[in-house]
Amino acid sequence: MESLTKRSLTAAQLDVLVRGSMGVGCRMETELTDGWFNTAYRVRLDDGRRAVVKLAPPSDAPVLTYERGIMATEAMVYRSLAPLAALADGGVPTPTLLHEGDGFLAVSVLDGTPWDKVTDRLSPAARTALRRELGAVTARLHTLGPEDGRFGYPSAESGLSAPDWRTAFTAMVDALLDDAARWQSDLGVPGDDIRALVAQGARVLDEVTEPRLVHFDLWPGNIFVQVPGGDGPDARITGIIDHERAFWGDPVAELVSLGFGGDIGPDSDLVTGYVQAGGRLEFTPAVRHRLALYSLYLGLLLVVECGPRGYVGDHLAFCHRNLAERVAEVRALDRRR
């Protein structure tokens, strides 16, 4: 399934782009095809360094409101994480930002393999070790806050930030619903019903008073791991990637994408690692309600992005089913209040 937002360059075009911005040329090694929004190439720079060059969509490509300026968001996250990534122990491993150009980034190449590629090789001991380490990495990620104290998406181009979380999150949902109307997305429910579900959760959203960095895309494909042999507890995380979807908000929202990789319940290995590393997470009724709202938001996002990206078939059907389940989950919570 090919995304309509991807920009394709020949090896010669990529060399010209990189040389003109970085002052050093490159040799294309391969295209990294796992991503669905940006285009990424692994290259060898003329000075010998290995790098990944990530291209933003063409300037005239259709994107969602929250996606405006998100490559600059990714660069900002790399810069913010650099002090933590440099720590030998107790940090947040991530590639090094080598260069931020006009419509592209160059970052260092990580050791290891995306977690989703080795899942079947993991022993129970390795899986436990990795989930606990991931919880700890996430807790450290959540120590970062914005300089201006605002919630929402960092990019000014999106226009989706506010001084409080309720206002920012409501604007994020409204923007997706406006995008849905623009692309005539079939949501299965009226957009006003989704707006009402978010409005009814205003009380629990108001509990969030300090914005924290939320990656919001920590599924196994964005987490690199090393698994010596795959059958012991010495597996480790070597880095997390694809920070462009990040926003300043409620750390509880991180659980949504983390749930794609395994259990996120109060007794899970992930939460154990999170709390042991200093993270605070109590599964109160209000927290569970907020988590359901964030799951609804991601479900909405997955459906709406199918429009500009041209996704159809099984993926679109999955997105519709997922959104219907998320709507039903929030409605059930509201009935029990």
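Student: Is Glu29 buried, partly exposed or exposed here, and how do I read that?

Tutor: Glu29 is partly exposed, with a relative accessible area of 31%. Buried means under 20% relative accessible area, exposed means over 50%, and partly exposed is in between, using a 1.4 Å probe and counting protein chains only. This is a predicted model, so to speak of a local feature we need pLDDT of at least 70, and side-chain atom pairs count only at pLDDT 80 or more, while totals for chains, interfaces and linings use all residues. Residues are numbered from 1 along each chain as its sequence is written, and side-chain values use heavy atoms, with hydrogens and water left out.

Student: Which residue forms a salt bridge with Glu29?

Tutor: First, the general idea. Side chains of opposite charge can pair when their charged atoms come close. Here, a salt bridge is a side-chain nitrogen of Lys or Arg within 4 Å of a carboxyl oxygen of Asp or Glu. The partner of Glu29 is Arg42, and their closest N and O atoms are 3.3 Å apart. Arg42 lies in strand E2 (residues 39–45) and Glu29 in strand E1, so the pair ties together parts that are 13 residues apart in sequence. Arg42 counts as partly exposed, at 27% relative accessibility.

Student: How many salt bridges does the count come to?

Tutor: By this rule, 26 salt bridges. One of them joins Asp269 and Arg132, with the closest N and O atoms 3.1 Å apart. Asp269 lies in helix H9 (residues 269–276) and Arg132 in helix H4 (residues 124–141), so this pair ties together parts that are 137 residues apart in sequence. Asp269 is partly exposed at 24%, and Arg132 is partly exposed at 36%. Another bridge links Lys117 with Asp116, where the closest N and O atoms are 3.6 Å apart. Salt bridges can also link up: Glu67, Asp217, Arg245, Glu305 and Arg309 form a network of them.

Student: How do I read the sheet that E1 and E2 belong to? In what order do the strands come?

Tutor: Strands of a sheet pair through backbone hydrogen bonds, either parallel or antiparallel. Two strands count as paired if DSSP finds at least two bridges between them. Here five strands form an open sheet in the order E1-E2-E3-E5-E4, with antiparallel pairing. Strand E1 (26–32) and strand E4 (97–101) stand at the edges with a single partner strand each, so one side of each has no neighbour in the sheet. The twist averages 25 degrees from one strand to the next; for such angles, axes are lines fitted to C-alpha atoms (for helices over the stretch in contact), and angles run from 0 to 180 degrees between N-to-C directions.

Student: Which residues of E5 face E4?

Tutor: E4 and E5 (residues 104–108) pair in the antiparallel sense over four bridges. His99 stands opposite Ala106, and Leu97 has Val107 as its bridge partner. The two strands form a hairpin with two residues between them, and Gly103 in the turn has a positive phi of about 80 degrees.

Student: Why is strand E11 described as largely enclosed?

Tutor: Four of the five residues of E11 (residues 236–240) are buried, so the strand is largely enclosed by the rest of the structure. Four bridges join E11 to strand E10 (residues 223–226), and the two run antiparallel. Ile223 stands opposite Ile240 in E11.
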